[in-house]
Structure formats: C-alpha cells, structure tokens
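Hello,

I am passing on the structure below, followed by some notes on what was found in it. Please keep the sequence open beside the picture while you read.

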Amino acid sequence: MTSYNASRRYLYTGGIMLAIVVGFFLLGLFWTPYGINETDSASKLLAPCAEHIFGTDNLGRDVFSRCLVAARYTLLVSFAGVLFALAIGTVAGLIAGYNGGIVDKIVMIFSNGIMCFPGILLALVAVAVFGPSLYNVIWALGLVFAPTFARVYRSSTMELLGRDYILQAKVMGVHPIRIMLVHILPNLMSQVLPAVIIGLANMTLFESGMSYLGLGVQPPAASYGKMLSDAQSYMVAAPWLIFFPTLMLVFYILGLYFISEWVRTSVKGGSR
Amino acid sequence: MGSAVRSALIRLCEFLLTALLVSFFTFSAFAIIPGDTARVMLGPDATEEQVEALREELGLNAPLAERYFDWLKNACRGDFGKSLSFGNPVGELISSRLPVTLGMSLIALIFVVAISFPMAAVCSRNPGSIKDKSLSTAGHILFAIPPFALSMMLILFFSKVLHIFTAGRYTPPSDNFGAYLASLILPSLCIALPKIAMTFKFLRASMIEFSQGDFVRTAKSHGLSDLRIMLKHIIPNSAVSSITVISLVLSDIMGGSLIVEQVFNLPGLGRLLLAAISRRDFPLLSGIVFYLAMMTVILYFLADVISAVIDPRIRDGRAS
C-alpha cells in the first residue's frame, strides 16, 4: 500500500500549502497590519522583525501586508482565467469531438494556431494592443489556455462516442446538444479535473511573469510578480523581498501540482 | 508507400494552413486595435497631419484584405517595414538580437537533453526507490518556481555569494565567443530547469513503459547487461517518442527567454519586444511576434517530419 500512502502524502502536503495561500487571501480580505501602499521613510528595507514579520521594502511598505493582499489577485486571475478558458475549451472541444470530420479539423487547426505562439507571447500582444489591466490579462491568458482544455474535451469525447449508451441515445433521436450536455459532459470530470488544477498552476506562472514585466496586474494593486520586479535592485541588501513573494507563489503552484498528483493517482486506483 | 505519401501531403497541408492562420492572427491582432491605430501609436498630442501621414505610411487607408496580403507578402521576404521608435528596418533589429535569444535557447536545450535523460534513466530503473522519489520531488519543485524568481535566486547565489558570474554583462559573439557563452550559461540554466522537470517527467514514464516491453525481456534473456539494455534499447526508443515533447519544450524555451532576458538584462528579442510594447511600436511588435510564432510552426513541423522519418508507424499515418 505504499502508493496509497504516497498519494495521501501528496494530498496533505499540497493541502497545507494551498491552505496557507487561501488563509493569506481570507485574512487579507478583512485585515492587514499596514496599508499596502503606506510608505514609511523611517523604516526602509527593514529585515523581518516583530513589527514587520516579513520585513519592509525600499519605500518602507510592509511586505506581509502586501503578501496578504497580493494573494487575492493571484487567486482571481488564475480562477477567472481558467473559467474563461474552460468555457471556450468546453464548447470547442465537445463540438469538435462529437462531430469529428471537417468541424474537428477546423477547431484543431485553430487551436494549433493559438498554441504556436510560445509562452506568454499572445497574452503580451493582447495587453500591448488593449492596454494592461486586470481584465485584459484574464481574458488574454484565458484565450492562451483554451486550446489545452479543448484538446482534453475533444479526445475524451471521442473516446465516449463508441459507448452503447451514447449510441442508443443517438438512435432514440436525442438532440445532439442534449447528448453532449447530459450524457457526455458529466462523464468527462475525471479527465478534466486534473487539467483544470494544472491550468490554475500554469496560469499563475504566466500571470506572475506578466506582472513581473509590468504588463499584468497594475499598481496600486499588489502582485507577487510586481513585488519581485521591484525587489530586484535591492535583492542583495534585502533578500527577504524576493524570498516571501516567491514562497507564496511556490506554495500555490506546488500545492496545486501535488493536489493534481493526488487526483491522478487516486483516480487510477492507486497505480503509479 | 501510398499511405506514406498521402500522410506526408496531409502533414504539409496542415503545416501551410497553420502558418497562414498564425500570420492572420498576428496581422489581425494589430488590425483590430480599438480606435484609430495611427492615433493610438502617436498619442493624444499628435496633430491631425501627423496622424494622417502615419496612416498613409502604414497603408492604413487601404482595405483590410489588401493590407493583409501586402503585409504577408512582405513578411515572407523578411520585410516587416520600419520600426517607428528605432527608425531601422524591423528585420535588421530582429536579426541583431538573435545571437542572444537563439544562443540561450540552444544552450538551454542542451541542458534539458543532457540532464533529463540521465535523470530519467536513473529513476526508471527502480521506480519508487528513494532516488526516484527525491528526484521526482525535486522536479516538482523546480517546475513550481517561476523562471524569473529562479533567475533572481541563482543570480544572488552565483554572483553575490560565489562571485563567479556577473549579471547583466553581455559580450557579443563576434568579440569573444568564450565570454559570449559564459554570459549566457546561467540565464540558459534558469530557462532550462523547469523544462528539465517537464521533460524528465515524460521520459521517466516512457522509459518505465519501455523497460517492461517484450524486447527488453528478450534482451535480458540473451544475457545483455542492464547498462547495455538501457543505452541500446530503452533510451533510443524513448528518444524517438520524446521528439514531440522536445519540440514543445523548445518553443516554451523561446517563450521563457522573453522573461529571463529581462532579469539578466540581456539584449535579446524579449527586451526588444518589451521596448516595442512600451513605445507602442506596432510594426516592430508584429514583426517579432510573427517571427517567433513562425519559428514555432516550423519547429513543430520539423519535429513531425523527423518522427515520421524515424518511425514507420507515424509515417504511414497508423498512429497519431
């Protein structure tokens, strides 16, 4: 039963990491020890101490408060972006997988086309054209991630098509939309769920990269990526400025990976 | 042979269609700018004459379809027009930045292949062992650190603690090739580490699968040593199946270098791209985007062709 234990370990480690980030998010909604843009010229670049447990940055802003508030943007962008991607990906993937043939070819060529823009390039273009803002980042990243979900839906739909109950529904003249929504969609959860969790993690990697470049979440809002880019000039004198935001990002992303690993191993019945 | 020719033709058609679509995406992204493109580029202070002159220069007065085909025709010849902020031809600017971005991508790819194959080989021999588990966990962690944060940590470690690397120093290859390579090694490693984790994960699974194959059992029964089986039978098979993954990784590496260049202050395509974004230099921006996307399209096509040449099952369209 070692694999059972290993899978449990993934759940616990991942769960604790995510709980910390979600705890930060919830706490940040109601309380922060200092204002996130409250500068204090008397306490610049302070190392972590009793008053500022994560230290302060070059403007004297409290890093702990900023970490609390930044969690909400990380969660917001990743969830909203994945939902947007999922909405497009579900429709495109179901239609492509169900119909096959030329419809499938068209959807696949489109999704290949989007996937040919490496990394955050397409999202950067969208932001360059429409201007950097929270909502532009969300839909741009959603668009970048949509093909991934479309592929998952397409291939799993194709696998289901040969099943007897789908064939019978077709013979009985059930409307294709009803077959897709009632008979196919609910059965794809086990394939889609890991993709969604990994999507959340990858979305966060992309979002933090864009915020680092100054093209993601915009000030005065705090984001981990922007905090890191601000900290870069001071990282020798004040390494805590890069340590804590990085730690938050890693907890969130790694937590999600571990949970997806747990989902994967427990769905397969504990096989490696 | 008929099926091989047919599937090769389908592949070629798909490649051309994707390339066309990518060019259309790039073009339309800059054609659908809300408001007047010329006005957006010049900012609110420009006079009506200046806006009209720029509109004429960019050919914005022609119909959309005509503009697209003109743009495509010129882009295929490597002519993306003139950069508005630098004044130089876009093609010239792009090629002047290539030594950094391509050099980094290539070194990163070498890192990925040279590290992930041995790692996967070690892990797949004893799945579930301590060695396997610790390497797999290390892979997970590497994958979860954003590349720019990883870069900062490595800069801190190598240049401030060990004093063996200076961040932000770049030597062009024409001046001193050794120094050029040295300035790119750490950034390449930062791009490569998360991709090593990704490639490793794939290779480990594929090597475990191959090591349970009939041909490995036969080789064992013939008394071949484990090392020989690994080198001659398992690794080559995994290498063939990993070609697609490697092409994905290489495209990711190019995308990742856009950010990492910024951390290391290297004059590559990523810096040029950001300069183009902040100066609203759309001809330059569309040139870079088109170039990078086309590289990826060609890369995927090459990966497809190489796997088809090596693997007869893919060549005849029997497996996808």
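How many residues of chain A are in contact with residues of chain B? In this predicted model, 35 residues of chain A are in contact with 39 residues of chain B. On the chain A side, α3 (101-115), α4 (121-130), α8 (189-212) and α10 (240-267) each supply at least two of the residues that touch chain B, and the largest share, 7 residues, comes from α10(A). Sorted by class, this side of chain A has 26 nonpolar, 8 polar and 1 charged residues.

The largest nonpolar core holds 160 residues, and those that touch the most other members are A:C67, A:A123, A:L124, A:M248, B:L273 and B:I288. To take one of them, A:M248 is in contact with A:V21, A:F24, A:C67, A:A71 and A:Y224, once its neighbours within four places in sequence are left aside.

Within chain B, helix α5 (residues 90-125) packs against helix α8 (residues 177-211) at an angle of about 35 degrees, and their axes are 6 Å apart. The crossing of α5(B) and α8(B) is right-handed, and the residues of this contact divide into 22 nonpolar, 6 polar and 2 charged.

Finally, please look at A:D164, which has its place in helix α6 (residues 164-171) of chain A. Because A:D164 has 7 other C-beta atoms within 10 Å, this residue counts as exposed, the cut-off for that being 12 or fewer. From A:D164 to A:L181 there are 17 residues in sequence and, C-alpha to C-alpha, 17 Å in space.

Best wishes

Key. Residues numbered from 1 in each chain as written. Chains lettered and ligands numbered in written order. Predicted model: local features only at pLDDT ≥ 70, side-chain atom pairs only at ≥ 80, totals over all residues. Core = buried A, V, L, I, M, F, W, Y, C linked by C-beta atoms within 7 Å. Buried ≥ 20, exposed ≤ 12 C-beta atoms within 10 Å, placed from the backbone. Contact = placed C-beta atoms within 7 Å. Helix = DSSP H or I, 4+ residues; strand = E, 2+ residues; numbered from the N terminus. Nonpolar A, V, L, I, M, F, W, Y, C, P; charged D, E, K, R; others polar. Axes fitted to C-alpha atoms, helices over the stretch in contact; angles between N-to-C directions. Left-handed = near helix turned anticlockwise from the far one by under 90°.
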